[in-house]
Amino acid sequence: MTNIIKPFKNIVVFMPRFLGDCINCTPALKLIETSYPDAKITLVIRAIPAQAFNRSEKFQLVIDERPKNKVQGIISLIKSLKNESFDAGILMTNTFIDAAIARISGVRNLIGYNKEMRNALLNKALKLDINRHYINRYAYLGNALCENSHTYLPDVELDYDKKQSVLADIKSIKVGFCIVSKAKLSRHYPTIHTAEVIYLLNQQLQKTTSFYMLGAPEEISEAEQVVCLCQEKGIVNTHSLAGKTTITQLIDTIADLDLLITVDSGPLHVAAATKTTTIALQSKGTSPFSNVCPKGMQVTVINNAGNYINDDDQILDISPELIAKTAIELLKNKNFFSAT
């Protein structure tokens, strides 16, 4: 028996806080677009991840200003949403306040997970399975709006343009790194180890290769440390782009890379959405890595062996030699070079 899709015309989706999580919502958004091709879909989204969606003509964006001023941001958000008369809404977030904002704003047919005692505010309160991958969690909500009419999970995707990459004019092999700041503790890959990976790769690559450190403004220090360490080893083809790109430029640049080596981070999920060949360094994070690791054949995961007691030391199990060896094999498979 075919499920009857309700005739929603104006749908609002409360998006997660971080860029990577918002990217992981794109399969769910695709399900909604497919079931409601004529509906207007509005995303309530924070300013930084919003930049990843501002190229798309599929969505209207309402910027969530709460990070700047919580009280004024809530008032402003309610005013913006009240004017829209949404006939359906999805909460990709699990907070009580978002459910309350949606209800006060007059959003009807509200769907979300039964977290923070907000069941009474939801038309459909779904049970959250914490063992489910985050992409599937979001898609599960999207499919619930679509009366569970979909079977297969779409890929994560973002609009991008390699011609707009800040590296578009570079003709060498382009290898990017994202090691995040030391403040990220267990997810940070040490600068000295990163420089050693670059040194090993630089030794073995016959064709010209350039190395690029990617990151947010708060990661400039670590990126520049890697560049300095490489220069001390006589490697002049390492550059820092940390803090020097907009989110849109970062997406285009990652799409333009031949290989990205990264810890669990926003760039990891950007790479998945742009089908960029990626090495993901698995360490302890805020969620089990199996629940956040990108899906796709282009992602190669290097797991830590768990030989350290301290959580923040686990990533040290992933040696520069192993990363370099894996990178060379991936580049060989792309026929970029032959190893010496």
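Begin by selecting the second largest pocket, which has a volume of about 160 Å³. A pocket here is an open set of points on a 1 Å grid over the protein atoms alone, with protein on both sides within 12 Å along at least five of seven lines, and its lining residues have an atom within 4 Å of a point. Grid points are joined across faces, edges and corners, and a volume is the space filled by probe spheres set on the points. The pocket is lined by 13 residues, and Pro154, Asp155, Val156, Lys295 and Gly296 lie nearest its centre. Its lining divides into 7 nonpolar, 3 polar and 3 charged residues. In this division Ala, Val, Leu, Ile, Met, Phe, Trp, Tyr, Cys and Pro count as nonpolar, Asp, Glu, Lys and Arg as charged, and the others, Gly among them, as polar.

Two remarks on the model apply throughout the tour. This is a predicted model, in which local features need pLDDT of at least 70 and side-chain atom pairs count only at pLDDT 80 or more, while totals for chains, interfaces and linings use all residues. Residues are numbered from 1 along each chain as its sequence is written, and side-chain values use heavy atoms, with hydrogens and water left out.

**The cavity**

Next, select Phe177, Cys178, Ile179, Tyr189, Thr194, Val197, Ile261, Leu281 and Ile323, which line the largest cavity. A cavity is a set of grid points where a 1.4 Å probe fits but cannot get out. Rolling a probe the size of a water molecule over the atoms shows where empty space is left. The structure holds 1 cavity of 30 Å³ or more, and the volume of the largest cavity is about 40 Å³. Which elements each supply at least two residues of its lining? They are β7 (173-178) and α7 (191-204); helices (H or I, at least four residues) and strands (E, at least two) are DSSP runs, numbered from the N terminus. The lining of this cavity comprises 8 nonpolar residues, 1 polar residue and no charged ones.

**Two cysteines**

A disulfide is a covalent bond between the sulfur atoms of two cysteines. With a disulfide taken as a pair of cysteine sulfur atoms within 2.5 Å, the count comes to 0. Cys178 is in no disulfide, and the nearest cysteine sulfur, that of Cys293, is 15 Å away. Cys293 likewise is in no disulfide. Buried means under 20% relative accessible area, exposed over 50%, and partly exposed in between (1.4 Å probe, protein chains only).

**Leu214**

Now move to Leu214, in the loop between β8 (209-213) and α8 (220-232). Leu214 is buried, with a relative accessible area of 5%. Contact means heavy atoms within 4.5 Å; leaving aside neighbours within four places in sequence, Leu214 is in contact with residues including Phe177, Cys178, Leu241, Leu250 and Leu260. Ile254 is also among the contacts of Leu214. The C-alpha atoms of Leu214 and Ile254 are separated by 9.0 Å, although the two residues are 40 residues apart along the chain.

**The nonpolar cores**

In soluble globular proteins, nonpolar side chains tend to be buried together. A nonpolar core is a set of buried Ala, Val, Leu, Ile, Met, Phe, Trp, Tyr and Cys residues joined through side-chain atoms within 4.5 Å. Select Ile11, Val13, Met15, Ile32, Phe53 and Leu145, the residues with the most contacts inside the largest core, which has 56 residues. Helix α6 (residues 134-145) gives the most to this core, with 6 residues. A second, separate core of 35 residues includes Ala195, Val197, Met213 and Ile261.

**Loop positions**

Select Glu147 and then Asn148. Glu147 is found in the loop between α6 and β7, and Asn148 has its place in the loop between α6 and β7 too. Most residues other than glycine have a negative phi, and most peptide bonds are trans. Glu147 has a positive phi of about 55°, and Asn148 has a positive phi of about 55° as well. Asn148 is partly exposed at 48% relative accessibility.

Continue to Pro37, in the loop between α2 (26-35) and β2 (40-46). Pro37 is exposed, with a relative accessible area of 61%.

Finish at Gly306, in the loop between β12 (299-303) and α11 (320-333). Gly306 is partly exposed, with a relative accessible area of 43%. Not counting residues up to four places away in sequence, Gly306 touches Gln314 and Asp317.
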